[in-house]
Amino acid sequence: MAQASSLFTRLEFRLAEQLFHTRWLPRSPRTQRLTLRLFQRCAEAGHVDALSVYGHMLFHRGTTSQDKAKGARYVLQAAQNGDAHAQYQAARIYEFGCAQYPRRDDHAVTWYARAGESGHPMAAERLARAYHVGELGLTKDAQRSEHWQRLADRDIDGNEASLEKLRTH
């Protein structure tokens, strides 16, 4: 994992992000292949954000079962390294199951909780709903539902404040 923090890997990841998000650049197949190749190199080097982004792409858009399995592994690796978005995706993988990772409500709850505690509002919202109606193997619990809803609302408000601050500067 020493490569994960290398300057070159971080620069490659920033370039891949820029290529992925740039609207003015033509979406040619060549540019798309380059972008995916950069994300892949960074993920294979252990870059946590690349594991999350590229894993998500492979899992949801991969054409083969091997791509989807590799994507799930990358997402879970990023989740274990503290990436809140990957933790949310890991929870969804376990909530709905897939070929390599069967449905496990207990794992889904664990990953939703980690993501929610890390500031992911959709994860906190999902737990609030699960406690409210008794899903994911949880018993109905109004207090826990309110707790997770407060976290979700706080995270949404915090994200909106951050966006507003970016717009004004």
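Predicted model: local features only at pLDDT ≥ 70, side-chain atom pairs only at ≥ 80, totals over all residues.

Entry 1. I started with helix α6 (residues 105-117) and helix α7 (residues 121-133), whose axes come within 7 Å and cross at roughly 130°. The two are therefore oblique to each other, since angles over 145 would be needed for roughly antiparallel. I also looked up the hand of the α6 and α7 crossing, and it is left-handed. On the α6 side I noted V109, Y112, A113, A115 and G116 in the contact, and on the α7 side A123, A124, R126 and L127. Sorting the residues of this α6 with α7 contact by class gave me 7 nonpolar, 1 polar and 1 charged.

Entry 2. Next I went to helix α2 (residues 29-44) and helix α3 (residues 48-61). Their axes come within 8 Å, and I get a crossing of roughly 125°. So α2 and α3 are oblique to each other. The hand of the α2 and α3 crossing is left-handed. Which residues make the contact? From α2 I wrote down L36, F39, Q40, C42 and A43, and from α3 A50, L51, V53, Y54 and M57. By class, the residues of the α2 with α3 contact come out as 9 nonpolar, 1 polar and no charged.

Entry 3. Then helix α4 (residues 65-80) against helix α5 (residues 84-96). I have them packing at an angle of about 130°, with the axes 8 Å apart. That makes α4 oblique to α5. I looked up the hand here too, and α4 passes α5 in a left-handed crossing. α4 brings A72, V75, L76, A78 and A79 to the contact, while α5 brings A86, Q87, Q89, A90, I93 and Y94. My class tally for the α4 with α5 contact is 9 nonpolar, 2 polar and no charged.

Entry 4. Last stop was the second largest pocket, which holds about 150 Å³ of space. What lines the second largest pocket? I listed F13, E17, D49, S52, V53, D83 and H85. By class that lining has 2 nonpolar, 2 polar and 3 charged residues. I then asked which helices supply at least two residues of the lining each. Those are α1 (7-21) and α3. α3 gives the most, with 3 residues.

Technical notes:
Residues numbered from 1 in each chain as written. Heavy atoms only, no water. Axes fitted to C-alpha atoms, helices over the stretch in contact; angles between N-to-C directions. Helix = DSSP H or I, 4+ residues; strand = E, 2+ residues; numbered from the N terminus. Parallel < 35°, antiparallel > 145°, perpendicular 65-115°, else oblique. Left-handed = near helix turned anticlockwise from the far one by under 90°. Contact = heavy atoms within 4.5 Å. Nonpolar A, V, L, I, M, F, W, Y, C, P; charged D, E, K, R; others polar. 1 Å grid on protein atoms, 1.4 Å probe; cavity = no way out; pocket = protein on both sides within 12 Å on 5 of 7 lines; lining within 4 Å. Points joined across faces, edges and corners; volume = space filled by probe spheres on them.
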